[in-house]
Amino acid sequence: MDFKNVIFVTDLDGTLLTDDKRLLDCDLKAIERFRAGGGIIAAATGRGIAMAKRVVEMITDVPSVIFNGAAVYDFSRNEFLWRCEIAKRAYDYVDIIARAFPNIGAEVLCERAIYVPYLNEVEKTHLDWEQIKPEYLGVSEIPKSGWLKFLFSGEPELIDKVERFIEAGDFGGVHWIRSGPLFYECLPEGVDKWSGFQHLIKLLHDEERFTVAAGDYNNDTAMIKNADLGCAPINALESVRDAADLVVCDNNSGAISEIIDYIGKI
């Protein structure tokens, strides 16, 4: 397939990035070849601006999907092209769930600010790894507008319990998604990476392009199922691999390079 007919959106953590958060040379060279041939590549990530910026700017100069689909952001112009806020009724969920699970960590992400009302070791490690300096505020002190997503962090066994608690309770009007073993996220209702991908396509006026999506976790499933070609690395969850049209090598071995080679042979 001619690359100029393709738009390719990839997840970052566990897909494009290695386990230690590196970009492989083979993937970067394949992306350069893809872009030189007229292909459009973008990221679709749960990260916000600060956490995504370094990686996104290494692979593309077109806008990308951030906050797990709640926004499309143009890093080259440093501006939001589209965004969607969580319903205010959901703001109370943070304290309700934190009272039920005193050891939980919590993080609220707004356009250009990150607030941490509850800190645990998993949350601290996450912030340190990404070199992010949030504001430590109680939920009542966080501005009452502009929440694009919030998440809970903890060891997998704790997050399993939080997930079951939320599923059994009255926590509607939003979209809940497990984005990793250590994280459970709250997004605006109807929002996921596929809806963000669709907004990106419309903003770029590229509705006729062949769509390719790649990811490894539950928050990637919607875009993998709905893209013309859905791809997953072998390290992806079994359910994600089952949803994919193409399963390639793991994220430490050049998954993106293998996908781009495959596109060129279609």
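**Close-up 1. Two strands side by side in a predicted model.** Two strands count as a pair if DSSP finds at least two bridges between them. Look for Val-72: its bridge partner in S5 is Trp-82.

**Close-up 2. The open sheet S3-S4-S5.** Here three strands line up in the order S3-S4-S5, with antiparallel pairing. Strand S3 (64–66) and strand S5 (79–83) each have a single partner strand, so one side of each has no neighbour in the sheet. On average, neighbouring strands are turned by 35 degrees against each other, direction ignored. Helix H6 (residues 193–204) packs on this sheet and touches S3, S4 and S5.

Close-up 3. Glu-57 and Lys-53 team up in a salt bridge, with their closest N and O atoms 2.7 Å apart. Both sit in helix H2 (residues 49–59), four residues apart, which is about one turn of the helix. Glu-57 is partly exposed at 42% relative accessible area, and Lys-53 is partly exposed too, at 36%.

Close-up 4. Glu-111 and Arg-83 meet through their side chains (2.3 Å, N to O). Glu-111 is in the loop between strand S6 (105–109) and strand S7 (114–118), while Arg-83 is in strand S5, 28 residues apart.

Close-up 5. Asp-160 in helix H5 (residues 156–168) and Arg-178 in strand S9 (residues 174–180) are 18 residues apart, yet their side chains form a salt bridge (3.0 Å, N to O). Arg-178 is buried, with 8% relative accessible area, whereas Asp-160 is partly exposed at 30%.

Conventions
Residues numbered from 1 in each chain as written. Predicted model: local features only at pLDDT ≥ 70, side-chain atom pairs only at ≥ 80, totals over all residues. Heavy atoms only, no water. Helix = DSSP H or I, 4+ residues; strand = E, 2+ residues; numbered from the N terminus. Axes fitted to C-alpha atoms, helices over the stretch in contact; angles between N-to-C directions. Contact = heavy atoms within 4.5 Å. Salt bridge = Lys/Arg side-chain N within 4 Å of Asp/Glu carboxyl O. Buried < 20%, exposed > 50% of the residue type's maximum accessible area, 1.4 Å probe, protein only.
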